[in-house]
Amino acid sequence: MSEYILEMDGINKSFNGVKVLKSVGLKIKKGEVHALVGGNGAGKSTMMKILTGVYTADSGTIRIGGEPVKFDSAQDSSRYGIRMIFQELSLVPTMTVAENIFLNQKPKAKGLPIINNRQMEKKAAELLREFEIDLDPSRVVNTLGVGYCQLVEIAKALSQDAKILVLDEPTASLTETETQILFGIVRKLKARGVTMVYISHRMHEIFQITDSITIMRDGQHIITDDTRNFSMDSIIHHMLGSTTVEKAFKRMHRERKPSNANVLEVKHLHINDKLKDVSFELKKGEVLGFAGLMGSGRTEIAEAIFGINPAKSGDIIVDHKPVKIRNVKDAIDAGIALIPEDRRRQGLVLIHTVKDNMILPVVDKLKKGLGLDKKRVENIVQSKIGELAIKTDNSNKVISLLSGGNQQKVVIAKWLETGPKVLMMDEPTAGIDIGAKGEIIDMIRRLADQGNSFILISSELTELMAICDRIIVLKDGRITGELNGDDIPSEEVLQHAIQQ
Amino acid sequence: MKFNFSNYMVYIIFVIVLLIFALWHGEKFFSANNILNITRQTAMISIMAVASTFVIAAGQIDLSIGSIVALSSLVTALVLQSTDNMFLAIGSGLVTGAVIGLFNGFFVAKIRIPAFLVTLGTLSLVKGAAMWATNTSAVPITNETYTQIFGLGTIGPIPILFVWTLIVAAIGYFALTKLPFGKKVLATGGNETSAKYTGINVARTTMAVFALSGIAAAFAGMLYAGRVQTARYTFGEGDELSVIAAVILGGTSMAGGVGTVIGSVVGSLLMGVINNGLIIGGLSVSQQMMVRGGIIILFVTLSMLATRGSAFKR
C-alpha cells in the first residue's frame, strides 16, 4: 500500500488544441488537507474535473491507494469515494434540506418503492447534528442564505461515504461564523481519515486549515511542500513567478493627497430598520474604505446611495449640491457609480459580448442620427481595453469566456465611461486570482492619484490597508469607528476593530 | 468571429426546404406567382413575429396576439363603417393594440405576474370582447382605398402585404441592433438584475415590448381585414403559436437575451413555404397539420443540437 491515497501522474489535457495541463503531477497523502493554489487559468479546476471524472485526461495515470484507475464519468469516480463540492451550487431550491441531501439515495419504506420521509428527515438531522450544523432538515432550501446552502451541499456530499473530498472555494460566499463551522467540519473529517483537496484564493485560510500545498501556474506543477514551509510571500511568488503583484499589496505613499473639498456628503441616511442614521463624507481624490463583517450594512449603504433600494430619509450631497436619488438612473445622473458585489449576477450580462456590456450604461449618449455612433462605440471599447489591460481576443467575444479578473475589469470599464464623481466598489476583487487582484488595486491607486474618488467595500483587510486614505468601520448598521489609513499598524488591529 | 453553425440554421434549412419542394413540384411550386403568393400568406405572421422577437428576447412571451388581431380588425372596420375616415379607423385599431399591450405589460412589469399567465388571461378577455362587439357577426369593409393599401394592392408585381412585411422587418431589425432601445431589451432579457444595476428602467422596457407586440398584432389584424374586405372575430385564431414557432426557429432564445428579427421573418417564411408545398403536394388538412408539427420539432431539434455541438467544441 502506497503512502499516497491519490497519485495523478503526467496528466495532459487540451481543449481546441490549447494545452491547459502540461504533464501535471499531484500526490496527496492519506488523511491530509491539501491546498491546491494557483491563479485563474492555472489549471486547478481542470485537474479536479479530471479527478472527479467530469473530463477525461488526454494522457497520464491516476492511482487511488496505489491502484490504477480510469474514470470515464462522475459515477466512476464516485464509486471510489471521491466527492466534490462545486462552486456553482447544485441544490434544488424548491426541495427541503433533507430531500436535497438524499437526492440520489432516498431511504425507502421497507420493501416498497416509496420514500419514507420521516426516516429521511431523521437521517438528515443526524447528519447535520454530527457536523454541528444548526439547521432544520425540513426547511426548504430557497429560504436559506447562500452560506447555509454551501453547508447543505457539503452535508449532501458526506451523506455517502467520502474518501477524498474536493472543496472548490468553499468559503467564497460564507460569513466568518459559517467559515468557522466549515473549518470545524473539515477538522472532524480529517480526524476520521478523510483526505481533502482545498482550493482557495484566501491565503489566511490556507495557512489555518491545510497541511500541505501544491502550487500550479499556467497548466504546470510548480511545487508541493508542507504548509509550514511556505510564507504568504513565497506562495504569491510561486503563483506569479514574478514580483510585480507583491508590490500592489504594499502600502504606498499617495502621489497626490486627497483635497479638502467634499465630493460626497451623506447625512442621516435612514435606509431600513438596521441602518437608521448613517452619515459620512468622501473627499475628492480620496479612497474611503468600508470595513465590517458580512451583514454589517456595508452593501446596503452603497445600494441606497446608488438607488437600488433608495433611502427613506436623509440627504445625499454631491459636489455641494443636494441630489434626490429615487432610482439607479438618478444616481448615475448625479455622478455616482457602483461596481456591484456579485459580478456575474449584478454586474454583467454574461451571454453578451464585451462590447455590449461595456457600452450599456452610456448607450443613450451614443446616439447619432437614427442609430448608434459606431465609431465612438469602437473608440470607447478599444481605449478601455487598452487602458485597463483587458485580455480578450476581440471586443465581440462573449464575456462569459473571459477570466474572472478580466470580467471584473469590463465592469469597471463600463462605469468609468460614465465619468463618475464617486465610484463605489463592493468587493471588487472577490473570486479573482491574485494577479488580477493586484492589477485592480493598482488601478484604483492610479485613478485616485488622478483625482477620482472611491468608496471601497472589502472583506480583504490587506486590500483596504494597501490603498485606503481612511477606513470607516461598520458593525450592525452603525459606524463604530474611523481609522486613518496611515495609522494602522497591522492587520490584527483592523481585524480587532471589526470584530469588537 | 468563429463561424457558428447554429446562428445560420434557419437559413440553411430554408434553402434545403426550397430545393426539396422545387425538385418535387417543379414549376408548380417554383414560379414567381406561387412565391409571391407565399409572401402574401405569411405577411401577418411575419409582422407579428418581428414584434414577438422583442418580447421573447426580453425574456417574456405574449400569447394574446391572436385575440388582438381579431378585436382590432373589428374596431378598424366598425370605425370605418360609421365614419368612413380611414385615418381615424387605422388610429383606433392601432390604439386598441397598444392599450392591450400596455395592459399586459403593466401586469407583467409592475405587478410581476408571469407573462404566460397574464397574456393567457388577456387572450380570453380580448377574444370575448371581439365576439361581443358585433355579436359574432362579420363587418364588411367597402372603402376601396383601404382594402388596396392594407390588403389587395400590389406595387408592380409585388403584393403590398409583402411590402408591409419588409418595412416592419426593416424597422424591427434597425431597432433591435442599432438603437439603444434594442440594447436595453437584450440586456433586460439576458440578465434583468444586471440591467437594473446598470440603470436601465426594466419595467418601462418590458411594458414597451408588450406595447410593440400589441401594435404589431393590431396592424396584422388590419391587414387580415383589408385582404378579405371583412373583419371577423375568428381572425388570428392560433396565430400566437405560429408566431412563437417562427421566432424560435429563427434563432431567438426562449431564455431571453438573444434575438434576431431577420431570423424570425425567415422562420415565418419557412413555415409558409412548408404549408404551401404540402398543399401543392395534395396532402389533406389533417395530414398537413401532422407534417407541420413534426417538422417544427425536427428543426428545433437540429438547431439545438447545432448549438450544443458548438458549446462542446469550445
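## Salt bridges in chain A

A:Glu7, A:Asp9 and A:Arg63 are joined in a network of salt bridges, a salt bridge being a side-chain nitrogen of Lys or Arg within 4 Å of a carboxyl oxygen of Asp or Glu. This is a predicted model, in which local features need pLDDT of at least 70 and side-chain atom pairs count only at pLDDT 80 or more, while totals for chains, interfaces and linings use all residues; side-chain values use heavy atoms, without hydrogens and water. Residues are numbered from 1 along each chain as its sequence is written, chains are lettered from A and ligands numbered from 1 in the order in which they are written. Over all chains, the count by this rule comes to 30 salt bridges.

The side chains of A:Glu132 and A:Lys188 meet in one of these, at 3.0 Å from N to O. That pair links distant parts of the chain, 56 residues apart: A:Glu132 is in the loop between helix H4 (117-130) and helix H5 (146-159) of chain A, and A:Lys188 is in helix H6 (residues 176-191) of chain A. Helices (H or I, at least four residues) and strands (E, at least two) are DSSP runs, numbered from the N terminus. A:Glu132 is exposed, with a relative accessible area of 58%, and A:Lys188 is partly exposed at 28%. Here buried stands for under 20% relative accessible area, exposed for over 50%, and partly exposed for values in between (1.4 Å probe, protein chains only).

A:Asp442 forms a salt bridge with A:Arg445, with 3.0 Å between the closest N and O atoms. Both residues lie in helix H16 (residues 434-449) of chain A, 3 residues apart, or about one turn of the helix. A:Asp442 is partly exposed at 35% relative accessible area, whereas A:Arg445 is buried at 9%. A:Lys397 forms a salt bridge with A:Asp393, again with the closest N and O atoms 3.0 Å apart. A:Lys397 counts as partly exposed at 21%, and A:Asp393 is exposed at 63%.

## A four-stranded sheet in chain A

An open sheet of 4 strands in chain A has the order S12-S11-S14-S15, with antiparallel pairing; two strands pair if DSSP finds at least two bridges between them. Strand S12 (278-283) and strand S15 (321-323) are the edge strands, each pairing on one side only. Neighbouring strands of this sheet are turned by 20 degrees against each other on average, direction ignored. Axes are lines fitted to C-alpha atoms, for helices over the stretch in contact, and angles run from 0 to 180 degrees between N-to-C directions.

Strand S11 (residues 262-270) of chain A pairs with S12(A) in the antiparallel sense over 5 bridges, and A:Val266 stands opposite A:Phe280 in S12(A). Helix H10 (residues 298-305) of chain A packs on the sheet, touching S11, S12 and strand S14 (313-318) of chain A, and its direction makes about 70 degrees with that of S12(A). Contact is taken as heavy atoms within 4.5 Å. S11(A) and S14(A) also pair in the antiparallel sense over 5 bridges, with A:Glu265 opposite A:Ile317 in S14(A).

## The surroundings of A:Met216

A:Met216 lies in strand S9 (residues 212-217) of chain A and counts as buried at 1% relative accessibility. Leaving aside neighbours within four places in sequence, A:Met216 is in contact with residues including A:Leu21, A:Val24, A:Leu36, A:Val37, A:Lys44 and A:Ile222.

## Aromatic pairs

Over all chains the count comes to 15 aromatic pairs. Rings of Phe, Tyr and Trp (its six-membered ring) pair if their centres lie within 6.5 Å; planes under 30 degrees apart count as stacked, over 60 as edge-to-face and the rest as tilted. B:Tyr8 and B:Tyr11 form a tilted pair, 6.5 Å centre to centre with 45 degrees between the planes. B:Tyr8 is partly exposed at 39% relative accessible area, as is B:Tyr11 at 27%.

B:Phe150 and B:Phe219 form an edge-to-face pair, 6.2 Å centre to centre with 85 degrees between the planes. The pair links distant parts of the chain, 69 residues apart, with B:Phe150 in helix H6 (residues 144-152) and B:Phe219 in helix H10 (residues 202-228) of chain B. Both residues, B:Phe150 and B:Phe219, are buried. One aromatic cluster is formed by B:Phe21, B:Trp24, B:Phe29 and B:Phe30.

## The interface of chains A and B

In this model 24 residues of chain B are in contact with 33 residues of chain A. The area buried between the two chains is about 2,200 Å², of which carbon and sulfur atoms give 61%; buried area is the accessible area (1.4 Å probe) that two parts lose on being put together, summed over both. In chain B, the residues that lose the most area to chain A are B:Lys183, B:Tyr197 and B:Thr198, together 31% of what that side buries. The rule finds 2 salt bridges across the interface. A:Asp364 forms a salt bridge with B:Lys184, the closest N and O atoms being 2.8 Å apart.
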